Amino acid sequence: MDRLSHARSELQEMDALAAADSPVHRLHPLCKLLLTMLYIVTVVSFPKYDFSGLVIMVLYPVLLFQAAGIPVGLCFYRLRIVLPLVCAVGLANPFLDPTPLTRLGTMVITGGVVSMATLMLKGVFSLMASFLLIATTPIDTLCAALRKIHIPGILVTLLLLTYRYIGVMLEQVSVMTEAYRLRAPGQKGIHSSAWGSFLGQLLLRSMDRAEELYHSMLLRGFQGEFYYADMPNCRASSVIFMLFGAAAVLFARLVPVVSLLGSLFVR
């Protein structure tokens, strides 16, 4: 299986994950969306040197991954391209902040090292929470939840179309790549001299395909915004989960849980 076919299969697997059945999948999409947003804002709000306080926030995604029946390793595998970029953001911190902060035996830990690790954790935890939301919520109901909190319709429509039709673009790239291979047997990849014409043809084919899709949308009554799928009724269990989760997240933010546990064990 080539890379393009593998990418298309991963998109289909994401739809299959979102259509699964588990206690997390059955929660109301709006409750999951609001709790995920609160979690990400709370994670980002930690001070840059509060590494120990931030560690406890890993419990939220890990526990929900287990409840949803989704392996945590699958999250890291699917985000294998984005995670290194997120972790690379703080690599310059040790050079920008060489102030000694603490000691680990004979090793001096500078503020830059702590802030780098904290920044990396913030990015990883935020990506884990976002992936959990997408993997347990169909894209239609997720977009409907975004419109419920008054996210602009043009942005929600753009998100939905991008998610839905990225597979169409991958299919066009796959067809063009196969045609190129038939004309250049034995050659690995696409030669640099053909990159310009290849991208130009892909742009023209994408524009033609987009025009056909747009006309079909107009024929089905599209007037600038989709009629999103009706969300299920919000049950009491979803509201209780959201309130309990929000309380737990805020408690972990306001109370130094790790420090308290450490002081108890030291005694």
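**Entry 1: pocket lining by helix.** I looked up which helices contribute to the lining of the largest pocket: H1 (3-18), H2 (29-44), H8 (111-136), H9 (139-148) and H10 (153-183) each supply at least two residues. I note that the model is predicted. Helix H1 gives the largest share of this lining, with six residues.

**Entry 2: pocket volume and centre.** I recorded a volume of about 920 Å³ for the largest pocket. I then listed its lining, which comprises 28 residues. Those that lie nearest the pocket centre are Met-14, Arg-78, Leu-79, Ile-134 and Tyr-163.

Entry 3: I sorted the lining of the largest pocket by residue class and found 20 nonpolar residues, four polar and four charged.

Entry 4: I searched the whole structure for disulfides and found zero. I examined Cys-75, which is in no disulfide; its nearest cysteine sulfur belongs to Cys-87 and is 12 Å away. A disulfide requires the two sulfur atoms to be within 2.5 Å.

**Entry 5: Cys-143.** I repeated the check for Cys-143, whose closest cysteine sulfur is that of Cys-31. The separation is 17 Å, so the two sulfurs are too far apart for a bond.

How values were computed. Residues are numbered from 1 along each chain as its sequence is written. This is a predicted model: local features need pLDDT of at least 70, side-chain atom pairs count only at pLDDT 80 or more; totals for chains, interfaces and linings use all residues. Side-chain values use heavy atoms; hydrogens and water are left out. On a 1 Å grid over the protein atoms alone, a cavity is a set of points where a 1.4 Å probe fits but cannot get out, and a pocket is an open set with protein on both sides within 12 Å along at least five of seven lines; lining residues have an atom within 4 Å of a point. Grid points are joined across faces, edges and corners, and a volume is the space filled by probe spheres set on the points. Helices (H or I, at least four residues) and strands (E, at least two) are DSSP runs, numbered from the N terminus. Ala, Val, Leu, Ile, Met, Phe, Trp, Tyr, Cys and Pro count as nonpolar, Asp, Glu, Lys and Arg as charged, and the others, Gly among them, as polar.
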